[in-house]
Amino acid sequence: MRIRIVDAFTDRPFAGNPAGVLLLDAFPADDWLQKVALEVNHAETAFAHRLPAGGEADWALRWFTPATEVAMCGHATLATAHVLHSTGAHEGPVRFATRSGVLVATPAEDGSITLDFPTAPLTPVDVPAGVAEALGAEPRAVLDTGPNVGDLLIELADEKTVRGLTPDHRALGAFSERGVIATARAQDPSRGYDFVSRCFFPNVGIDEDPVTGSAHTALAPFWSERLGRPALTGLQASPRAGRVRTELRGDRTLLTGHAVTVIEGDLLA
């Protein structure tokens, strides 16, 4: 079967967040899916198969990290939609049946793809004891992001602090189901982004995720409230880096980005 590596939330190779993508006839056993994800060894590998016509979704979609299956993944959804459109396997908006409900990916003429995801419910919480030491910076605010995302969202003082983080990844795992989203307002919005973030997910085997679509379902409502605009651009300031355009629409958040296929080959096992 064909396997592809796609860089998501970027318009050039070797940037953004790489994801494995396999289009299947049906889902094999879970242990095989997990072994393939470990072999690919990127933050997520997406597995999809076509569904019968006439239902609420067009394709079934699941995501696996090298360590576990996850409930929601933005960049691997974007990567899968890119593969479907670039190979001619699907035209127009595609509806994915997932553990997080039906998620829609809509292509645009400029080559970008917009994902329609549920907005993360944000709940302010007290700063957990030890989180500042584990992260290496003092939080300004801490919020729980709900069950689909499963992170702590932590606002820091400024962009320089976010970029300079060298956290204790193992220690961060004690504070949430998946990990921590660190964020701050952009130092210079004229550079084309409104906020920065970095994402650390030790509990699913990812010390730092390059660009995280699901995290932006929490970052969008957080920064839209503070900046007074529904449409924003976030820069995830990982070493690979990538930009996510967000638009808050109540209980839904639109995430827009590009994707590039960088590797295509045969999976023989």
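On a 1 Å grid over the protein atoms alone, a pocket is an open set of points with protein on both sides within 12 Å along at least five of seven lines, a cavity is a set of points where a 1.4 Å probe fits but cannot get out, and lining residues have an atom within 4 Å of a point. By that rule, the second largest pocket is lined by Thr68, Glu69, Val70, Ala71, Met72, Arg99, Pro147, Asn148, Val149, Glu177, Arg178 and Val204.

The model is predicted: local features need pLDDT of at least 70 and side-chain atom pairs count only at pLDDT 80 or more, while totals for chains, interfaces and linings use all residues. Residues are numbered from 1 along each chain as its sequence is written, and side-chain values use heavy atoms, with hydrogens and water left out.

**Pockets**

- Volumes are the space filled by probe spheres set on the grid points, which are joined across faces, edges and corners.
- The second largest pocket holds about 150 Å³ of space.
- Its lining has six nonpolar, two polar and four charged residues, where Ala, Val, Leu, Ile, Met, Phe, Trp, Tyr, Cys and Pro count as nonpolar, Asp, Glu, Lys and Arg as charged, and the others, Gly among them, as polar.
- The largest pocket holds about 250 Å³.
- It is lined by 16 residues, and those nearest its centre are Phe9, Thr10, Asp11, Gly242 and Arg243.
- Helices (H or I, at least four residues) and strands (E, at least two) are DSSP runs, numbered from the N terminus.
- Strands S15 (231-236), S16 (242-249) and S17 (252-257) each give at least two residues to the lining of the largest pocket, and S16 has the largest share, four residues.
- Five nonpolar, six polar and five charged residues make up the lining of the largest pocket.

**Cavity**

- There is one cavity of 30 Å³ or more.
- The largest cavity has a volume of about 60 Å³, and of its 13 lining residues, Glu44, Arg178, Phe201, Asp209 and Thr212 are the closest to its centre.
- H2, S14 and helix H6 (213-227) each supply at least two residues of this lining.
- By class, the lining of the largest cavity divides into five nonpolar, five polar and three charged residues.

**Salt bridges**

- A salt bridge is a side-chain nitrogen of Lys or Arg within 4 Å of a carboxyl oxygen of Asp or Glu, and the whole structure has 14 of them.
- Aspartate 266 and arginine 2 form one of these, at 2.6 Å from N to O.
- That pair joins distant parts of the chain, 264 residues apart: aspartate 266 is in strand S18 (residues 259-266) and arginine 2 in strand S1 (residues 2-8).
- Buried means under 20% relative accessible area, exposed over 50%, and partly exposed in between (1.4 Å probe, protein chains only).
- Arginine 2 is partly exposed because its relative accessibility is 34%.
- Glutamate 208 and arginine 198 form another salt bridge, at 2.8 Å from N to O.
- Since glutamate 208 lies in strand S14 (residues 206-209) and arginine 198 in strand S13 (residues 195-201), the pair ties together parts 10 residues apart in sequence.
- Glutamate 208 is partly exposed at 22%, whereas arginine 198 is buried at 7%.
- Arginine 249 and glutamate 247 also meet in a salt bridge, at 3.2 Å from N to O, and glutamate 247 is partly exposed at 29%.

**Helix H2**

- The expected span of a helix is 1.5 Å times one less than its number of residues.
- Helix H2 (residues 74-87) has 14 residues and should therefore span 20 Å, which agrees with the 20 Å between its end C-alpha atoms.
- H2 is mostly covered, with 11 of its 14 residues buried, among them Gly74, His75 and Leu84.

- Most residues other than glycine have a negative phi.
- Phenylalanine 9 is not a glycine, yet has a positive phi of about 60 degrees.
- Phenylalanine 9 sits in the loop between S1 and strand S2 (17-24) and is buried, at 2% relative accessibility.
- Asparagine 41, also not a glycine, has a positive phi of about 60 degrees.
- Asparagine 41 is in the loop between helix H1 (30-40) and strand S3 (44-50) and is exposed, with a relative accessible area of 51%.
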